[in-house]
Amino acid sequence: MTEQRVLEIKNLTKYYGKFLAVKKINIIVETGTVYGFLGPNGAGKTTTIRIILSILKASSGEVRLFGIPVDRSNVHIHEKIGYIPGDVALYGHLTVKQMLNYFASLRPGQPSSRMEEMIELFDLDVTKNTKALSRGNRQKVAIVQAFMHNPDFYIFDEPSSGLDPLMQQVLYDLIAEEAKNGKTFFISSHYLGEIQKIANIVSIIREGEIISTMDVSKLDQQVVQKVHIDFKSDVDPSLLQDSNITVLSQDKNELILIIKGDFNSFLDKISKFPIEKFYAPEPSLEDYFMHFYDLKRNSGVK
Ligand SMILES: Nc1ncnc2c1ncn2[C@@H]1O[C@H](COP(=O)(O)OP(=O)(O)O)[C@@H](O)[C@H]1O
Ligand SMILES: [Mg+2]
């Protein structure tokens, strides 16, 4: 029943004027899962999250949090939620500590028992004025305030943006730890690799529509590798191409390839040709879409 469902979204639609930003999406987030909400910029992630939190009003459809339909009259359920907004804005002349105390005062029913622990974990200097903070430090303030009242459900809108890799890892480890303790997460991202690392289930949103929902283990199987190879001499690309290897582009001896599935058979194939340079950049979401959904053939080679 709904007890198990921390978040349920049914046929949610949002228009901005005439522009359809979110089209009849459906999402079910069960207790204890880390749910990834993956999509490129402009896909409708922030819009969806703002509707979940009653910051925006849906055009149609339904959202339930802990089984309760959301609207502005029952915002008290927000006390059970830790939210990191996509655009962290801090204002005033407050120090970080004063700001965190202010956030704590907004949730009188939920003591901020983990504030000190989180400040230490994220290595936050609380004596600094919030106006003087770097982007990464602003993000840390948002993270600390989301965790400090020890909520049951976390809604994060691109939480790693602005964090250095070390702090990203601290956040990922914390998410994994809390999920082990039964906490639930709904996390938006435009990084495939990030969702693979942290989520169990993923919904992929593109142009306001959810095009796929699956276990992340399935996503792992589907993921593509992008490879740039600079061969020492001319190579006939048709010798490389097969059902798992697509030649994206060729400029003389330089080829850009997309590899699906088994990497070994690909390595076997190219080992026959002398290689000058080889590197494998992170594939973009569009590379992934192109090969699994056939959605954007004209995006060009990146
Ligand atoms: N207040 C607004 N008025 C009009 N269009 C908006 C507004 N906010 C967002 N949009 C548009 O809605 C689409 C989805 O935006 P958003 O939800 O912010 O996407 P994401 O968070 O996935 O990047 C985008 O095309 C964006 O330009
Ligand atoms: Mg956004």
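**View 1. Four strands make an open sheet in the order 12-13-11-14, with antiparallel pairing.** Here strands are DSSP runs of E with at least two residues, while helices are runs of H or I with at least four residues, numbered from the N terminus; two strands pair if DSSP finds at least two bridges between them. Strand 12 (245-251) and strand 14 (275-279) stand at the edges with a single partner strand each, so one side of each is left without a neighbour in the sheet. From one strand to the next, the twist averages 20 degrees. This is a predicted model, in which local features need pLDDT of at least 70 and side-chain atom pairs count only at pLDDT 80 or more, while totals for chains, interfaces and linings use all residues. Residues are numbered from 1 along each chain as its sequence is written, and chains are lettered from A and ligands numbered from 1 in the order in which they are written.

**View 2. Strand 11 (residues 224-231) meets strand 14 through 4 bridges.** The two strands run antiparallel. Look for Ile-229, which stands opposite Phe-278 in strand 14.

**View 3. Helix 2 (residues 96-105) crosses helix 4 (residues 135-147) at roughly 35 degrees.** Their axes come within 10 Å; axes are lines fitted to C-alpha atoms, for helices over the stretch in contact, and angles run from 0 to 180 degrees between N-to-C directions. The crossing is right-handed, meaning that the near helix is turned clockwise from the far one by less than a right angle. Helix 2 brings Val-96, Met-99, Leu-100 and Phe-103 to the contact, and helix 4 brings Val-141, Val-144 and Gln-145 (contact: C-beta atoms, placed from the backbone, within 7 Å). By class, this makes 6 nonpolar, 1 polar and no charged residues. Ala, Val, Leu, Ile, Met, Phe, Trp, Tyr, Cys and Pro count as nonpolar, Asp, Glu, Lys and Arg as charged, and the others, Gly among them, as polar.

**View 4. Residues around ligand 1 include Tyr-16, Phe-19, Asn-41, Lys-45 and Thr-46.** A residue is near the ligand if its C-beta atom, placed from the backbone, lies within 6 Å of it. Helix 1 (45-52) and strand 2 (19-30) each supply at least two residues of the shell, and helix 1 gives the most, with 3 residues. The shell divides into 4 nonpolar, 6 polar and 1 charged.

Notes. Two residues are in contact if their C-beta atoms, placed from the backbone, lie within 7 Å.
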